[in-house]
Amino acid sequence: MAHRSRWKAGQGSEPSSPRENKRNHAPERSGGAQDMDALKALVARAKAKTGEVDAAFKNATFQPRAAAYTILINQCGRSKEWEKAMEVFEIMKKAGVEPNTITYSALITACGNSGQWRKAMEVYKWMRDASVEPNTITYSALISACERGKQTNRALELFEEMVAADVEVDAICYSALISACEKGGLWDKAFELLDEMQRNDFEVSSLTYNSLLSSCASTGNADKAVELFLSMQMSGCEVTTAACNSLIAVFNRAGMWSQALQLLAEMQKAHIEPDLTTYNQILSCCQKCGHWQGALEVWSKMQCAGVQPTSATCSACVGACIRGGQLARAQEVLQWMRQAGVQVDMETMQSLAIAQANAAVTGSTLG
């Protein structure tokens, strides 16, 4: 005879079936991750060196594979948590999951992003000891780590090793190495690498151009800077405010006030927004040359753009007027700056006072 349920409507909820009871009362790991998204969230919240990362894996209801560990190491790298990335790597090895080239590269990147170039090199040694072959991504990550750590010679050695091993060089490698050479003062090598990069039809990024323009600002090589800037424009690469500022810095060092003013005008036509650095660099150039008209023009544009002046702005603008023999205008600029809430430094006030005293002695009526 078939069993009939004694449950009737109005007597509360119908009891679960034996299968449902088994599912409802199955033991679960408290807070354990049941899928990859949950594990990523737990690892993201975990603090390094507290056991929280290890607990997230132990309580997980599934066994992550190599790709999952690599994803988690990448996640740690993006948030610059190299110690946490190391923990994930150690847990991976204890679980018997063999790290591959992608995993090692991710760990090297995590160390590099955190400014730990020595750790990045240590991971590379582990990789070599494990007979895991590095690829383009590995070398890019290593060179980038050395670039951030200002280890120019190491970066160059890695690049040579990469070429000797017949590993394909990409734009990231070139860009990182050029930046490393710029930081290390190896400007000729940086330009040599740029030429090589262009010969191989690699796209040069705005960051790379900016890095090289910065080197021109350090050396005062105006011709090379202009050549680079034109190359940047012709390549279709986005010309940024930072790139313009680097070129203006070269003009400032060379005392090329006319070119600096012209570039400012071109920036405005191209809708490239000048910033405080732009204006202050041009004002500094005008001050060196005593070009007071240019300084007042820049100051006027700065006001129209709503850029807040600083004591450096005041010093350069007043200094340009003093050098140009326009003491009355220098006094006016000083008053404008005070009204704008700029704190005028003592040196600027003393310079104007001395110039006015000298003018009084000689009987000059400047400005």
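## Contacts and salt bridges in a predicted model

Leaving aside its neighbours within four places in sequence, Thr152 is in contact (heavy atoms within 4.5 Å) with Ala180, Cys181, Gly184 and Leu186. This is a predicted model, in which local features need pLDDT of at least 70 and side-chain atom pairs count only at pLDDT 80 or more, while totals for chains, interfaces and linings use all residues. Residues are numbered from 1 along each chain as its sequence is written, and side-chain values use heavy atoms, with hydrogens and water left out.

Thr152 belongs to helix H9, residues 152-164 (helices are DSSP runs of H or I with at least four residues, numbered from the N terminus), and with a relative accessible area of 9% Thr152 is buried (buried means under 20%, exposed over 50%, partly exposed in between, with a 1.4 Å probe and protein chains only).

A search of the whole structure finds twelve salt bridges, each a side-chain nitrogen of Lys or Arg within 4 Å of a carboxyl oxygen of Asp or Glu.

| Pair | N to O distance |
|---|---|
| Glu83 and Lys49 | 3.0 Å |
| Lys93 and Glu90 | 3.8 Å |
| Glu297 and Lys301 | 3.5 Å |

Glu83 forms a salt bridge with Lys49, and this pair links distant parts of the chain, since Glu83 is in helix H5 (residues 82-94) and Lys49 is in the loop between helix H2 (36-45) and helix H3 (52-58), 34 residues apart. Glu83 is partly exposed at 30% relative accessibility, whereas Lys49 is exposed at 66%. Lys93 and Glu90 are separated by about one helical turn, because they are three residues apart in helix H5.

How values were computed:
Helix = DSSP H or I, 4+ residues; strand = E, 2+ residues; numbered from the N terminus.
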